[in-house]
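Hi,

Here is the structure I promised to pass on.

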Amino acid sequence: MKFLLASFLLLEIVWSFQFPFTLPDVFSARSHQHTHYSKLDPKDRPIDLLQYKDDVVIRVSYANSPSLKEFLAKKDVQFKKWEKNNIQQTIDIQIKEEELVELIEKFPSLDYHTIIEDLPQRIYETFPLHGQQIVTQDEDFHTQSELFFREYRDLTTIDSWLNLLQSTYPDVVKLEEIGESFEHRKLNVVHFSAPNDDVEHNDKKTIVITGGVHAREWISVSSTLYLIYQLIKLYSTWPNSKILTQLDFLFIPVTNPDGYEYTWTTDRLWRKNRQETPIPKCFGIDIDHSYDYHWTKSSDWACGEEYSGEFPFEAFESRLWDAYLNNTNKDHSIYGYIDLHSYSQEILYPYAYSCNQQPRDEENLIELAWGIAKSIRMKSGTNYNVLPACIDKDSDLLPDLGSGSGLDYMYHNRAFWAYQFKLRDTGGHGFLLPAKYIEPVGDEIVSAILYFCKFILSDDR
């Protein structure tokens, strides 16, 4: 099969076709010297950290306890679910210490271990040490970018950096405001397109990369921004690269601006957007359950983290994105869609809504996914598993968990190749991955996208 042969050949040649620059190695001794949050004056804390004071994060195994699995699947349990591994049959939950005692009393043989003990301190350590606003229009773009990726950045700083990027490289970068969120924040698309006199603009293959769908997954935002930066460095050094001249890139670094801002000002672990729901004081729709492909009203209530809304495309962000594709980008051929999330180090392919529905070219989807995983492993030694999104979502057990996803919608309606990447780590830090990993994870994603782009540009595509 020529597709399979091509992917195997690309696995061998991709590393002989490297970027003409060296990506920075930041596995160095740079560390964040945060004092303990309890020693700070409350006004000096970035958010109210005491709201997490008695919380821990534990990993629970339900492999030998069907009754425990049934209990953990209930929507009315008080603790928050972080991540679930349906192959290893474990679930990571955020739970108050007294509730953990009650859980042990209910299930005396509970098999668990603590992942995060001092949750408020871990949260505090994800915020920048020395303020957030580091971007000005008067300084060199590359000099500022070296500082930019040393910490996670708030929405204002991200917007300033993107504006500086556009003003520095107006020939290749265009910021497109596609609408406003519920709280009237701009939803921006970064359109990266290198000039090529030999190829009509509409004939270019488009790659779409999104981050920040779930607000607390900061590493997905920083990885999207880091990829944009590395493409700029590639353009500065090698403007005639086939990847740049024959492909268009659309990035949404912060797909959920309201939720992302809320994680910086109020609740670091917020997941959904921030629009109103039918229940007063319950805010937010899970954007990744809002798309109109096998959308199902979730069994979760409006205050729950997986609430899908009352109808498809009710979430402002998914509706704006669909309108943008329909109205302004309908002539582009979208060959690739990659949605960045965290955590668990997985590459997921369609479908999320059901394991009974076989995607077109499933074998080729799997082969490409394993090639991407190998490119990451060869770059950093980090292992990413490949599996269908329906298994990750456990959608055969609870169908609404896999419904209305951006992955399924884009694959079915828009994109030839579509994946969701769940970035580092596998649970040691979870959503609170330290900032020192921003560049290493970014480098992994650069390698993955480089492989992906070369694959779809090969002669067989």
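Below is what turned up, starting with the ground rules and the pocket and moving on to helices, loops and a few contacts.

This is a predicted model, and local features need pLDDT of at least 70, side-chain atom pairs count only at pLDDT 80 or more, while totals for chains, interfaces and linings use all residues. Residues are numbered from 1 along each chain as its sequence is written, and side-chain values use heavy atoms, with hydrogens and water left out.

**The pocket**

The largest pocket holds about 1000 Å³ of space. A pocket here is found on a 1 Å grid over the protein atoms alone: it is an open set of points where a 1.4 Å probe fits, with protein on both sides within 12 Å along at least five of seven lines, and lining residues have an atom within 4 Å of a point. Grid points are joined across faces, edges and corners, and the volume is the space filled by probe spheres set on the points.

Where does the pocket lie? Domain 1 (42-123) and domain 2 (141-457) both give residues to its lining, so it lies between them. The domain bounds come from an automatic or database assignment. Elements that each supply at least two lining residues are helix H2 (66-72), strand S2 (80-85), strand S9 (333-342), helix H12 (389-393) and strand S12 (417-423). S2 gives the most, with five residues. Helices (H or I, at least four residues) and strands (E, at least two) are DSSP runs, numbered from the N terminus.

Helix H11 covers residues 362-380; its 19 residues should span 27 Å at 1.5 Å a residue, and its end C-alpha atoms are 27 Å apart, which agrees. The expected span is 1.5 Å times one less than the number of residues. The buried residues of H11 include Leu365, Leu368, Ala369, Ile372 and Ile376. Buried means under 20% relative accessible area, exposed over 50%, and partly exposed in between (1.4 Å probe, protein chains only). An α-helix has 3.6 residues a turn, so residues three or four places apart point the same way. After H11 comes Gly381, with a positive phi near 85 degrees.

Helix H14 (residues 438-456) also has 19 residues and reaches 27 Å from its first C-alpha to its last, close to the 27 Å expected. H14 is mostly covered, with 19 of its 19 residues buried.

Two peptide bonds are worth a look. Ser342 and Tyr343 are joined by a cis bond with omega about 0 degrees, and Tyr343 sits in the loop between S9 and strand S10 (346-349). The bond from Arg424 to Asp425 is cis too, with omega near 5 degrees; Asp425 is in the loop between S12 and H14.

Gln345 is not a glycine, yet has a positive phi of about 60 degrees. Gln345 belongs to the loop between S9 and S10 and is buried, with a relative accessible area of 11%. Asp361, in the loop between S10 and H11, has a positive phi near 50 degrees. At 36% relative accessibility, Asp361 counts as partly exposed.

**Contacts to find on screen**

Thr277 is in the loop between helix H9 (257-265) and helix H10 (316-327) and counts as buried at 14% relative accessibility. A polar atom of the Thr277 side chain lies 2.5 Å from the backbone oxygen of Cys282. In helix H7 (residues 218-237) you will find Ser223, buried at 0% relative accessible area. The Ser223 side chain reaches the backbone oxygen of Ile219 at 2.8 Å.

Finally, His429 is in the loop between S12 and H14 and is partly exposed, at 21%. The C-alpha atoms of His429 and Arg122 are separated by 8.3 Å, although the two are 307 residues apart along the chain.

Cheers

Key: A polar contact is a pair of N or O atoms within 3.5 Å; within protein, one must be able to donate a hydrogen and the other to accept it, and residues adjacent in sequence count only if both atoms are side-chain atoms.
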